[in-house]
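Subject: The structure, and what turned up in it

Hi,

Here is the structure I promised to pass on. Have a look at it first, then read on for what I found.

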Amino acid sequence: MAVRGVGRLTCVSLCAQRNSRFQRPALRPLSCPGTVAADLRREEQPSGSTETGSEDKSSKKRFSEVQKERREQAQRTVLIHCPNKISEKKFLKYLSQHGPINNHFFYESFGLYAVVEFCQKESIHSLQNGTHTPSMVTEAAIPFRSRFFNLKPKNPSNQTSEWSHIQSSNQLPPSSKKLFELLCYAESIDDQLNTLLKEFQLTEENTRLRYLTCSLIEDIAAAYFPGCTVRPFGSSVNTFGKLGCDLDMFLDLDEIGKISTHKNIGNFLMEFQVKNVPSERIATQKILSVIGECLDHFGPGCVGVQKILNARCPLVRFSHQASGFQCDLTTNNRIALKSSELLYMYGALDSRVRALVFSVRCWARAHSLTTSIPGAWITNFSLTVMVIFFLQQRSPPILPTLDSLKILADAGDKCIIEGNNCTFVRDLNKIKPSGNTETLELLLKEFFEYFGNFAFNKNSINIRQGREQNKPDSSPLHIQNPFETSLNISKNVSQSQLQKFVDLARESAWILQEEDKDGPSPSSNQPWGLAALLLPSVANMKPLAKKKNKRPASERIKSLLDSIKSNSTENSTSTNGKRTVSTHT
């Protein structure tokens, strides 16, 4: 199941020691990041040497290139449920008889699992040919030839000392206490934001597992629709996903039945015989209904299947027990994939974008502005678009508008989906880097100031043009959908939730402004910087209120605007000179 985000942090007496030397804990190691031979040579490699995310290596690649590489990688990969104690050497040796192994790692989710990538697809066929369907005593097994296996020792009683507990890859975000420690020991607010990003972003292993899960679901769907593709979209691929986020995927049927031009010769045109239904929506509902039934009855590891077919966007929701992901499956949701590509590009253009988005999202979750339950709350997607819009307002702009990306596009970038113009340049190398060198600390403070004073009652947010526009309707919060421009992605947000966001933004701007003037005391046990923003609102923080100002919170917030405006042109540098300018990717 998907894990919950970080809630409000509990203050512990650690900040007083933040200037002392702090040894960051090592991440649990990837068991086997290369080929088997290379892995065995690196057995004694110290922990903590593995990468924490996949975006650094692929940040300048086109989104389509990353998707293609990950998909091919997943097609050469199998998922194996292992005994809790196992000899890694014997495990690798056993699998290597089917072909060379390129990569593997272990993780825990209702048991111990191994993700094993072979060098060739043929190795998977060899492994499948040597696998049998389990025999049951009191139940009947449904035979299904998949890439999800169960490994058992032939002679459990003969296990030696080589059979031990395997170090597994971490698939969960840090606890609130652990995050608080890391933030308190940071040297600057910039360092805090980058630390939070590093701890929460999807790891290489988690990303591989997400693509593999989609590939396993594709195997099931292909029984009905040969040639189909199941693609991940949203947070799993746009580089803004955090550990524990849901896995959104869609069944892509567009490639089925496309004519191969070099074979379309002669005097005739051949068509498939098909069933006809009254509308595209009915076709989608019928397809998802069948796939949902198949997942429920025949899909190994798929539990809690729900067919939500009457929603605006019909879907099948289920838990993939082996991976631990909560999954939503839709069909032909190509605009959502295009939105994922746009966010991927924005995240790759400047290193500050993802750090700021992750911190704002974490702040919103800590104050219950966002939640996993549908309702009148602001969504993570809306918050991400708000950050992008804010960065378009800087001088000079940190991010380009969508319209400017459209101007840079060539003929190969042209994309029209369901009548919506989704065209923008896809080559990151064609986009000129921003000359803006503002620190993350300044950007975080001014993000809260900007939206704490935003005229939500009359203006809307539009990243296509990068400027405020008159609201076309009476919704409390109006954020134009980047591609389906007639839609408001925040239409669900209530006035009370918007006001809560504005109040908290003003409080957070005030906290950062006060710290900038006074500076956090090294001998104080109080949280500082981003850590202070993740605590309950300032009205309930009696120690902080006593230290900073004895006036009621409402009076402090009221005076916030004047104090910020008087200092809006000042540079954001720390009292100890350790805060640094963010660099670009």
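Helix α3 (63–75) gives the most to the lining of the second largest cavity, with five residues. Two other elements, α8 (204–221) and β7 (229–233), also give two or more residues to that lining. Helices (H or I, at least four residues) and strands (E, at least two) are DSSP runs, numbered from the N terminus. Before going further: this is a predicted model, where local features need pLDDT of at least 70 and side-chain atom pairs count only at pLDDT 80 or more, while totals for chains, interfaces and linings use all residues. Residues are numbered from 1 along each chain as its sequence is written, and side-chain values use heavy atoms, with hydrogens and water left out.

Back to that cavity. About 100 Å³ of space lies in it, and 13 residues line it, with R71, Y211, T229, V230 and P232 the closest to its centre. By class, the lining has five nonpolar, four polar and four charged residues. (Ala, Val, Leu, Ile, Met, Phe, Trp, Tyr, Cys and Pro count as nonpolar, Asp, Glu, Lys and Arg as charged, and the others, Gly among them, as polar.) In total, the structure holds seven cavities of 30 Å³ or more.

What counts as a cavity or a pocket? On a 1 Å grid over the protein atoms alone, a cavity is a set of points where a 1.4 Å probe fits but cannot get out, and a pocket is an open set with protein on both sides within 12 Å along at least five of seven lines; lining residues have an atom within 4 Å of a point. A volume is the space filled by probe spheres set on the points, which are joined across faces, edges and corners.

Now for a pocket. The lining divides into 24 nonpolar, 17 polar and five charged residues.

Next, helix packing. Helix α14 (residues 440–452) packs with α11 (residues 351–366) at an angle of about 45°, with the axes 11 Å apart. Axes are lines fitted to C-alpha atoms, for helices over the stretch in contact, and angles run from 0 to 180 degrees between N-to-C directions. The pair is therefore oblique (under 35 degrees is roughly parallel, over 145 roughly antiparallel, 65 to 115 roughly perpendicular, and the rest oblique). Contact, meaning heavy atoms within 4.5 Å, involves R352, A355, L356, V360 and W363 of α11 and L440, L443, L444, F447 and F448 of α14. Nine of these residues are nonpolar, none polar and one charged.

Helix α12 (residues 380–392) also packs with α14, at about 100° and again with axes 11 Å apart. That makes α12 roughly perpendicular to α14. On the α12 side the contact uses M386, V387, F389, F390 and L391, and on the α14 side L443, E446, F447, Y450 and F451.

Finally, two backbone details. Most residues other than glycine have a negative phi, and most peptide bonds are trans. A cis peptide bond joins S395 and P396, with omega about -5°, and P396 is in the loop between α12 and α13 (402–407). T239 has a positive phi, near 75°, and is found in the loop between β7 and β8 (247–252).

Cheers
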